[in-house]
Amino acid sequence: MAEKTKVKAVTTRTIIESKKTGEKIAALTAYDAITARILDEGGVDIILVGDSLSNVFQGNDTTIPVTLDEMIYHAKIVVRAVKRALVVVDMPFMSYQVDTQETLGNAGRILKATGASAVKVEGGKAIVESVRRMTEIGIPVMGHLGLTPQSINKFGGYRPRGEDKEEAAAIISDAKLLEAAGVFAIVLEKIPAALAAKVTKSVKVPTIGIGAGPHCDGQILVYADMLGLTQEFKPRFVRHYANVAEEMHNAFLHYVDDVKRGKFPSKEESY
Ligand code: KIV
């Protein structure tokens with residue numbers, strides 16, 4: 001009988017170990033099964049069911065509107081398609097900021113309902129007690145510092161964070177607090193490369209950068225941005241690895257033209 005080839009799944013331990021071995025962590029977002037399967041087969045280490053699905057999938061301007069139920073719906077779909085990568089799910093706005101009891105209930109619901117391995121939360125000092133309780137009871141947590149899009153109404157824009165001394169010091173201090181609270185990794189979003197290097201040196205857990213320069217232990221991008229699907233969104237930190245929007249546009253034009261001119265389907269494509 002042919003032996004089933006088993007893929008070695010990425011765990012939070014693998015991610016922590018990678019800081020010691022120096023192997024960079026490659027992470028991307030996904031919200032649907034087809035994308036998640038292709039990413040997984042491409043060797044991505046972490047697939048984040050990001051609350052960016054609010055912008056990318058739902059067409060909202062911010063990440064604020066997406067609900068816990070919607071995150072769970074997408075996370076279930078992604079987990080079903082993934083064999084190797086570690087699946088992490090964003091806790092949406094107001095699902096972990098109110099109190100620790102509610103946070104534990106919501107995080108537990110995410111892991112139980114979806115089969116994902118970890119949750120991600122934005123912020124430092126203000127949420128550190130809840131992070132500590134989650135990790136204590138066995139819920140792996142990824143932190144997220146720097147530009148934290150759920151706080152957009154407080155900051156009033158998407159400018160880089162940590163450019164002044166005070167903000168930079170707060171980011172370093174928050175990273176240490178999160179590490180002490182037991183996170184297995186920290187996302188650093190849109191901060192100066194030199195500050196990201198400092199944070200990366202200051203903590204034993206891996207940092208995963210998005211717009212945070214090359215010195216982080218890994219990198220993450222929103223899959224739709226790096227594929228060139230969200231053409232209107234092109235901050236400096238997004239590299240287009242493809243122009244899928246143009247490919248899709250051309251394919252749709254071609255299809256419509258073929259149908260209108262009676263060129264599709266052909267005899268071979270018919271029964
Ligand atoms: O929601 C998301 O996609 C994220 C990444 C940008 C890190 O949090």
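This is a predicted model: local features need pLDDT of at least 70, side-chain atom pairs count only at pLDDT 80 or more; totals for chains, interfaces and linings use all residues.
Student: What handedness has the β-α-β unit of β1, helix α2 and β2?

Tutor: Follow the path through its elements. Strand β1 and β2 are parallel. Helix α2 spans residues 33-41 and belongs to the unit with both strands. The unit is right-handed.

Student: Are the side residues of strand β2, Ile46, Ile47, Leu48 and Val49, buried or exposed?

Tutor: Take one face, then the other. Ile46 and Leu48 lie on one side of β2, Ile47 and Val49 on the other. Both faces are covered. All four residues are buried.

Student: Which residue has a side-chain N or O atom 2.5 Å from an oxygen atom of the ligand?

Tutor: Look among the residues that surround the ligand, including Leu48, Asp51, Ser52 and Asp90. For Asp51, a polar side-chain atom lies 3.0 Å from a ligand oxygen. For Asp90, the side-chain N or O atom is 3.1 Å from a ligand oxygen. The 2.5 Å value belongs to Ser52.

Student: How much of the ligand's accessible area does the protein cover?

Tutor: On its own, the ligand has 260 Å² of accessible area. Residues around the ligand include Lys120, His144 and Ile210.

Terms used. Residues are numbered from 1 along each chain as its sequence is written. Side-chain values use heavy atoms; hydrogens and water are left out. Buried means under 20% relative accessible area, exposed over 50%, partly exposed in between (1.4 Å probe, protein chains only). Helices (H or I, at least four residues) and strands (E, at least two) are DSSP runs, numbered from the N terminus. Two strands pair if DSSP finds at least two bridges between them. A crossover is right-handed if, with the strands pointing away from the viewer, the path from the first strand over the helix to the second runs clockwise. A residue is near a molecule or strand if one of its heavy atoms lies within 4 Å of it. A polar contact is a pair of N or O atoms within 3.5 Å; within protein, one must be able to donate a hydrogen and the other to accept it, and residues adjacent in sequence count only if both atoms are side-chain atoms. Accessible areas come from the Shrake-Rupley method with a 1.4 Å probe; for residues, only the protein chains shown count as cover.
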